[in-house]
Amino acid sequence: MRKKVIAGNWKMNKLLGEAVEFVEATKNIVASTEKVESVVCAPFPYLPTLVEKTKGTDLKIAAQTMHFEENGAFTGEVSPSMLADIGVTYVVLGHSERRELFAETDETVNKKAHAAFAHKLIPIVCVGETLEQREANETMNIVENQVKAAIAGLSEEQVKATIIAYEPIWAIGTGKTATSEQANEVCTHIRKVVADTVSAAAGDAVRIQYGGSVKPANVEELLGQSDIDGALVGGASLEADSFLQLVEAGAK
Ligand SMILES: O=C[C@H](O)COP(=O)(O)O
């Protein structure tokens with residue numbers, strides 16, 4: 001059975017005191033079980049503090065992006081070695097907001113995925129279609145191309161360890177959740193793409209999250225689907241209580 005992953009993506013929210021308060025309120029309650037792991041994707045300035053505060057607990061800390069290069073003249077960027085050095089364990093790659101607003105491409109997502117594994121960071125690779133693409137029946141093609149590009153050249157073991165987050169862009173922060181059937185249909189397709197391009201074992205092992213207006217009220221139904229192995233959650237991950245309810249649903 002694949003272990004569920006509940007990841008809260010805070011995006012550009014919270015001040016340091018609020019971030020610390022959140023981890024203090026959750027770190028001893030979330031417990032890694034056979035069934036679920038819990039991750040908080042925090043802004044860069046808070047990462048060292050949050051890693052320190054969560055040491056020895058089952059709450060894991062992720063970055064929301066990174067560069068693919070080790071170092072150099074990339075003003076404002078953060079490298080994979082910097083993240084690994086301070087004890088970050090996961091990194092979100094190719095979030096639609098990064099693709100749309102910060103020129104992230106399939107090619108850079110792939111480079112970043114390679115760089116993440118080179119530093120023992122687990123990538124959470126985001127894919128998903130716009131409303132226009134869905135209405136033009138292009139969802140499966142778009143997502144398939146994004147997945148193939150992201151995992152190109154990774155070893156079978158690396159693909160097995162990758163987390164793919166299917167986030168239909170029209171469902172992000174809009175309150176419009178994909179129905180559980182719509183979400184599962186795409187996640188099933190993603191698993192098949194991985195199985196066909198890498199191996200049946202990789203298709204079976206890769207974990208696929210759904211993201212887009214997930215909240216305590218709809219998470220159970222989404223997680224009950226055959227190919228949804230977790231959730232990448234924005235708005236509903238900002239409050240400790242709500243995040244804990246999401247993790248609890250993942251542990252069922
Ligand atoms: O990374 C999280 C997603 O963008 C979903 O955000 P949301 O839960 O606020 O819709």
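Tutor: Begin with how an angle is read: axes are lines fitted to C-alpha atoms, and angles run from 0 to 180 degrees between N-to-C directions. Keep in mind that this is a predicted model. Here, helix α9 (residues 180-197) runs at about 145° to β6 and lies across β5, β6 and β7 (207-211).

Student: Which strands does helix α7 touch, and what angle does it make with β5?

Tutor: Eight strands close into a barrel, in the order β1-β2-β3-β4-β5-β6-β7-β8, with parallel pairing. From one strand to the next, the twist averages 25°. Helix α7 (residues 139-151) packs on this sheet and touches β5 (122-127) and β6 (163-166), with its direction at about 155° to that of β5.

Student: How many bridges join strand β1 to strand β2?

Tutor: Strands β1 (residues 4-9) and β2 (residues 36-42) run parallel and are joined by six bridges. To see one partner, find Ile6: its bridge partner in β2 is Ser38.

Student: How do I read a helix as buried or exposed? Take α12.

Tutor: A residue is called buried when its relative accessible area is under 20%. In helix α12 (residues 240-250), eight of the 11 residues are buried, so by this cut-off the helix is mostly covered. They are Ala240, Ser242, Phe243, Leu244, Leu246, Val247, Ala249 and Gly250.

Student: What do the buried residues of α12 pack against?

Tutor: They pack against strands β1, β2, β3 (59-63) and β8 (230-233), and against helices α1 (16-26) and α11 (216-223).

Student: Which residues are closest to the centre of the second largest pocket?

Tutor: The second largest pocket has a volume of about 190 Å³. Sixteen residues line the second largest pocket, and Gly173, Ser213, Gly234, Gly235 and Ala236 are the closest to its centre. By class, this lining has five nonpolar, eight polar and three charged residues.

Definitions and conventions:
Residues are numbered from 1 along each chain as its sequence is written. This is a predicted model: local features need pLDDT of at least 70, side-chain atom pairs count only at pLDDT 80 or more; totals for chains, interfaces and linings use all residues. Side-chain values use heavy atoms; hydrogens and water are left out. Two strands pair if DSSP finds at least two bridges between them. Helices (H or I, at least four residues) and strands (E, at least two) are DSSP runs, numbered from the N terminus. Contact means heavy atoms within 4.5 Å. On a 1 Å grid over the protein atoms alone, a cavity is a set of points where a 1.4 Å probe fits but cannot get out, and a pocket is an open set with protein on both sides within 12 Å along at least five of seven lines; lining residues have an atom within 4 Å of a point. Grid points are joined across faces, edges and corners, and a volume is the space filled by probe spheres set on the points. Ala, Val, Leu, Ile, Met, Phe, Trp, Tyr, Cys and Pro count as nonpolar, Asp, Glu, Lys and Arg as charged, and the others, Gly among them, as polar. Buried means under 20% relative accessible area, exposed over 50%, partly exposed in between (1.4 Å probe, protein chains only).
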